[in-house]
Amino acid sequence: MKFINIGFGNMVAVDRMVALVSPDSAPIKRLIQDAKDSGRTIDVTCGRRTRAVIITDSEHVILSAIQAETIANRLENDSLDDTDEEETEDA
């Protein structure tokens, strides 16, 4: 199982992520509020501004202070590292 750092030493399982979005739009703000009301929110911002919202397959909503683009780059770099490892193992 692969994990990705979402800020301040917090990790999330890559396989459980469904969406990685910016918190600026009205539908995402409603989604966050609905998740807070039903107790499905995980806030890992450490008191900072929310810059990324991660939606999981269990319908939990994770709030991160790291920008969505940064998390996406970490996901991309992690997947590139995996393909490099597989290529060297095959050789």
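**Charges, fold and a covered strand**

The protein carries 10 positive and 18 negative side chains, and the centres of these two sets are 15 Å apart. Lys and Arg count as positive, Asp and Glu as negative, while His and the chain ends are left out; each charge is placed at NZ of Lys, CZ of Arg, CG of Asp or CD of Glu. The model is predicted, so local features need pLDDT of at least 70 and side-chain atom pairs pLDDT 80 or more, whereas totals for chains, interfaces and linings use all residues. Residues are numbered from 1 along each chain as its sequence is written, and side-chain values use heavy atoms, without hydrogens or water.

Two helices and six strands make up the fold, in the sequence order β-β-β-α-β-β-β-α. Helices (H or I, at least four residues) and strands (E, at least two) are DSSP runs numbered from the N terminus. Of the 91 residues, 29% count as buried, that is, under 20% relative accessible area with a 1.4 Å probe, counting protein chains only.

Strand 6 covers residues 61-64. It runs parallel to strand 4 (residues 41-43), joined by three bridges, and Thr41 has Val61 as its bridge partner. With strand 5 (residues 52-56), strand 6 pairs in the antiparallel sense over four bridges; here Ala52 stands opposite Ser64. Two strands pair if DSSP finds at least two bridges between them. Four residues lie between strands 5 and 6 in their hairpin, where Glu59 takes a positive phi near 65°.

In a regular strand, side chains alternate between the two faces of the sheet. On one side of strand 6 are Val61 and Leu63, on the other Ile62 and Ser64, and all are buried.

Notes. Buried means under 20% relative accessible area, exposed over 50%, partly exposed in between (1.4 Å probe, protein chains only).
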